[in-house]
Amino acid sequence: MTHRPTEEPLRAVRPHPVDSWSGPPPEPREVDPAVLSALLRRHGWLRRGGAPGRYGRWTPPGPGPGSGSGSGSGTSLLVPESRAFPDSDDLLGEALLALSRSGSPSAREVLVSLAVPSDEIRWWHDVPAGPAGAAPWAVEDRLRAAARRMLLAAALAARARAGYHGARHRRSAAASLESVLVGSAADGRLTAFVPVAAGRPVAVRLHQALYAAREAIDYQRATGGMDAFDAAVQAGVSHELTEALIALVTGTEGARIAVAWAPAAGVPEGCAPSVDPVEFSPGDLSVLREAGARYLREEPAVPVRITGAVVRLRRSGPRGEGSVRLRVLAGAEIPNVRITLDEEGYRIAGHAHLVGLPVRVQGRLESRGGFRRLTGAHGVVPVQVDDAERDRLMKALQENAGMAAFFEEACGGERGDCGD
């Protein structure tokens, strides 16, 4: 029998603002001409002359003006090289306005990076041509899903180094990605803009982890040993990252990932200013799978002391041990945990739940199941909380119809078994 008095509400999923940046162009006084030129060059724009020392003329990727086709047709920008000349603000204003009106995807990407200084992470994958009529969106969805998993793996590694994170830190890691802008996955290419102010540790960790993973794979191929993957954990490589790489590469002829630093913020300490993309191929999949399984198998259990609110109680009869689910309040970076308690511990947990108090319990957080189960649980005690928190817990408790009946039934109908 099951008693489930309080369920956590489902968190609203915040849609990624894909291609949704449509704000006005930045003010010319807020734009560094050198940063704008660097971004244009990064996104494939070409400098085609201009007055040396004063301004450059830039055209977008594609055939040049006068060709009558391509994204470069009829578009050019005059960008000053510095603010040393009186007309620099006028030129910048005209260039920014032209970018905002351009239909070129690269123009939008330049504006995004100007509006919010961001490190850019790019993914490419080479997918074999499918049969006529095959839906390209399915391929694009796979690329987006793999990229999302990779960003989450980097965000987890930015919080703690572990071969397997499981449920630990997942909520805070996912929250740290809410400000990331993700473009459309077109032509096997996807770009994410990671704001420097909030997300640079994620970009740095991903940059370092990708190179460490590449080196560990090469080492395994040369020596047959997996030792390099143990050391790579400190760079951010994990089971979650290997799974993301597997998802990215599977079904393709190869994939590449590159991190480009925001020109306005400079290069982070310990990172190269300009690096080539890191490449992975289908031949790497077997090593990645072996490494992922190794991380999953060898991540040790963690001794913890958890404080949590009882949200579920279950046992098969009126006596003996039972299963308890806690919503974790402190002691571990996971949202929920399952515990098997002896008869006395179960009675204490049930009584604490009835009076609206959380409990504290010690044990070992097991990696099996994603660090969602506590084994060897002992020392179950109710925890006193202030009146406001107690009222909140009790209100959540009372909102579940039939709570008391469920609990008494789960306890075998004997009030004394549940505690007075």
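This note comments on the fold, the cavities, the aromatic pairs and selected residues of a predicted model.

1. Overall architecture. The chain contains 13 helices and 14 strands. It has 420 residues, of which 45% count as buried. Among contacts in the chain with a separation of 6 or more, 68% are between residues 24 or more positions apart.

2. Four cavities of 30 Å³ or more are counted in the model. The largest cavity holds about 50 Å³ of space. Two elements give two or more residues to its lining, namely helix H4 (136–159) and helix H8 (239–249). H4 provides the largest share, with three residues.

3. Lining of the largest cavity. The residues concerned are His 125, Val 139, Arg 142, Leu 143, Ala 247, Leu 248, Thr 250 and Thr 252. Arg is classed as charged, and Arg 142 is listed in the lining.

4. The tilted aromatic pair. Two aromatic pairs are found in a search of the whole structure. One of them joins Tyr 164 and Phe 371, with ring centres 5.8 Å apart. The pair is classed as tilted because its planes stand at 35°, a value between the limits of 30 degrees for stacked and 60 for edge-to-face. Distant parts of the chain are linked here: Tyr 164 belongs to the loop between H4 and helix H5 (170–175), whereas Phe 371 belongs to the loop between strand E13 (359–366) and strand E14 (373–382). The two residues are 207 residues apart, and both Tyr 164 and Phe 371 are buried.

5. The edge-to-face pair. Phe 229 and Tyr 295 form an edge-to-face aromatic pair, with 6.4 Å from centre to centre and 80° between the planes. Phe 229 is in helix H7 (residues 227–232) and Tyr 295 is in helix H9 (residues 285–298), so the pair ties together parts that are 66 residues apart in sequence. Phe 229 and Tyr 295 are each buried.

6. Charges over rings. The ring of Phe 371, already noted for its pairing with Tyr 164, also has the charged end of Arg 168 over it, at 3.7 Å from the ring centre. A further case involves Arg 54, which lies over the face of Phe 85 at 4.4 Å from the ring centre.

7. Glu 109. Which helix holds Glu 109? The residue lies in helix H3. Its relative accessible area is 12%, and Glu 109 is therefore counted as buried, the limit being under 20%. Leaving aside residues up to four places away in sequence, Glu 109 touches His 43, Arg 189, Thr 191 and Phe 193.

8. Val 116. This residue is located in the loop between helix H3 (105–115) and strand E5 (118–125). With a relative accessible area of 38%, Val 116 is partly exposed, a class that falls between the 20% limit for buried and the 50% limit for exposed. Phe 193, which is also touched by Glu 109, has its C-alpha atom 8.8 Å from that of Val 116. Along the chain, Val 116 and Phe 193 are 77 residues apart.

Notes. Residues are numbered from 1 along each chain as its sequence is written. This is a predicted model: local features need pLDDT of at least 70, side-chain atom pairs count only at pLDDT 80 or more; totals for chains, interfaces and linings use all residues. Side-chain values use heavy atoms; hydrogens and water are left out. On a 1 Å grid over the protein atoms alone, a cavity is a set of points where a 1.4 Å probe fits but cannot get out, and a pocket is an open set with protein on both sides within 12 Å along at least five of seven lines; lining residues have an atom within 4 Å of a point. Grid points are joined across faces, edges and corners, and a volume is the space filled by probe spheres set on the points. Helices (H or I, at least four residues) and strands (E, at least two) are DSSP runs, numbered from the N terminus. Rings of Phe, Tyr and Trp (its six-membered ring) pair if their centres lie within 6.5 Å; planes under 30 degrees apart count as stacked, over 60 as edge-to-face and the rest as tilted. Buried means under 20% relative accessible area, exposed over 50%, partly exposed in between (1.4 Å probe, protein chains only). A charge sits over a ring if NZ of Lys or CZ of Arg is within 6 Å of the ring centre and within 35 degrees of the ring normal. Contact means heavy atoms within 4.5 Å.
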